[in-house]
Amino acid sequence: SPIRARTPAASKSSTWGASWRGGLTAGVASPSMHVPWQQFHVSVKAGTRTLTERLADRIRDSDRERDAEEETFGGLGGLDAGFGTTWGSWTSGASDGRCLSRASSKASVAGTLRRDGLSGGLSAHKAEMLRQTEEIHRLFTPAPLEEGSPMSKGPSKFRKSKVKSSLTITKGCRLAQLIENGCIGLVRSSYFEDCMLHNRPFAMRQLIPNSFMWRGDEAVDLWWRHGKCFVLVVSYAWLSPNHPDPHQVHLRRLVRILEEYKKLWNMQEVAVILDYCSLWQKGVLKDTRTNEQKDQFNTGFSEINFAYAHKAITSVQLVEVPRENPRKYDDRGWTLLESVLIDSKGGDWNRWTFGEFDPDSTQWADSMVFFMQARPTRLRPPLSPEAFARELEERRVRLKARGVPLFTNERDNEEVPRQYAEIFLQVTHAVKLAYDNASWSDSEVAIFAEVLGKCDRLEELRLNDNRINLEGASLLAKRIPQLPALKTLGLRGNPLCRDSQATDLLRLVWTKENRPVRGLTL
């Protein structure tokens, strides 16, 4: 080989190139090969790791951490994270594990190969390797926002990202990106304890010391590691126009909840999302925010409500309002949005509703008992945007008769339905929905059926231990043909299971649609 005859270094480079080609082409050389994704990813990892170890010794110490991340991730999200970490480290030498864009990846790869004298050794395969790698990166990267989406508009530099929102994943979703960018601040639980200790209300974000705020990248990493055990979002009613809790009514209860929560999950410190503390506020007398803070507020304001519907974030509802306040928790538009989203999300032990209770009481034996009394006994079914608008209007009419406004800011009349419609799209994109033990009857199933017809990606639906009868079974049977991906339907523990007419109907439709026999559980 002319390259091998030049210098020992060139010969070594050629050997590296052959090793890389052998690792990569083992999994992707033939387009006609039908290789399982797991084997395919292992082949790519083997080739990438071989080249990385020999070209970039400076990042070898962080390989174990990245390999653990690759093995922990599951599905395409895990493949994206694992491949993005190795690829980012190979091309830029960075240890933060962020995925590069396709255009920058191609340029960086070519630049790296030229700098290390490997371009000659890979000349015959370089174009094919880049094409294949670009295709892999395209498959494992979340799709860009659709043109015209509210999150893709506006002058904010934070709105230019093409990362999609998600209600299930942590790292890599839009919410995590805004936390890292500082658009949404996560407050340490110790801050609220400090406020109680010094007998002062919690402050707006500008006045909270940096020592009580989580660093964005650190918070996202801990969120990825601990999920719902680490991040909480609080839904509550503002008790005055200028400050949400001037007399520390919510603060006293929140401190006790956080104390028991950390005991429950054995956490030393947790992160709290609370709008007044997590977003840059305007202020009472004048707006002292910088232009960047205003920009971050506008961007964070449009995304912060995704936290209520996120499966990996625990939602805490403080529904108690002092008697002298005419607007209760259920007399507001924002709390309707938050309540519907909290009930719509999947998962368990990630939503708690606290009414009136004495935060200084010792009646609860331990943290488990404390939270069991706050477990919601009934969940509201997800609402379509049209149904949400109707319920919002009904609440408006009811409050108008009492002389109480639904919103204190008129602009919220349009903002709340718009935000709900945007988050609702993520609910309909779910592949798994579970509403076990939600106390649903046939009336709730009728509301849910309106939403179910739009969930064309749904693969698993669990409605076990509810109060669904023949009427609800008929509604579900009508929706089964409209759900092409549905493979599992759980209805165990419902009254319909003792009704032969209902069970026969469901089995007939299920079989007619060629669904897995064991997927229907009655």
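**Note on the predicted model**

1. Just after α9, Asn199 adopts a positive phi of about 55°. Helices (H or I, at least four residues) and strands (E, at least two) are DSSP runs, numbered from the N terminus. The model is predicted: local features need pLDDT of at least 70, side-chain atom pairs count only at pLDDT 80 or more, and totals for chains, interfaces and linings use all residues. Residues are numbered from 1 along each chain as its sequence is written, and side-chain values use heavy atoms, with hydrogens and water left out.

2. Helix α9 (residues 189–197) has Ser189, Tyr191, Phe192, Asp194 and Cys195 as its buried residues; buried denotes under 20% relative accessible area, exposed over 50%, and partly exposed in between (1.4 Å probe, protein chains only). These buried residues of α9 pack against β1 (187–188), α11 (249–265), β3 (271–273) and α12 (275–278), contact being heavy atoms within 4.5 Å.

3. Over the protein chain, the secondary structure amounts to 21 helices and 9 strands. Of its 522 residues, 50% count as buried. Among contacts in the chain with a separation of 6 or more, 74% come from residues 24 or more positions apart.

4. Helix α17 (residues 385–402) packs with helix α18 (residues 412–428) at an angle of about 150°, their axes lying 10 Å apart. Axes are lines fitted to C-alpha atoms, for helices over the stretch in contact, and angles run from 0 to 180 degrees between N-to-C directions. The angle makes α17 roughly antiparallel to α18 (under 35 degrees is roughly parallel, over 145 roughly antiparallel, 65 to 115 roughly perpendicular, the rest oblique).

5. In the contact between these helices, Pro385, Phe388, Leu392 and Arg396 of α17 meet Asn413, Val416, Pro417, Tyr420, Ala421 and Phe424 of α18. The contact residues divide into 8 nonpolar, 1 polar and 1 charged (Ala, Val, Leu, Ile, Met, Phe, Trp, Tyr, Cys and Pro count as nonpolar, Asp, Glu, Lys and Arg as charged, and the others, Gly among them, as polar).

6. An open sheet of 4 strands runs in the order β6-β7-β8-β9, with parallel pairing; two strands pair if DSSP finds at least two bridges between them. β6 (432–434) and β9 (520–521) stand at the edges with a single partner strand each, so one side of each has no neighbour in the sheet. β6 pairs with β7 (residues 460–462) over 3 bridges, and Leu433 has Leu461 in β7 as its bridge partner.

7. Strand β9 contains Leu520, which is buried, with a relative accessible area of 13%. Leaving aside residues up to four places away in sequence, Leu520 touches Leu489, Leu506, Arg507 and Trp510. The C-alpha atoms of Leu520 and Leu506 are separated by 8.5 Å, the two residues being 14 residues apart along the chain.
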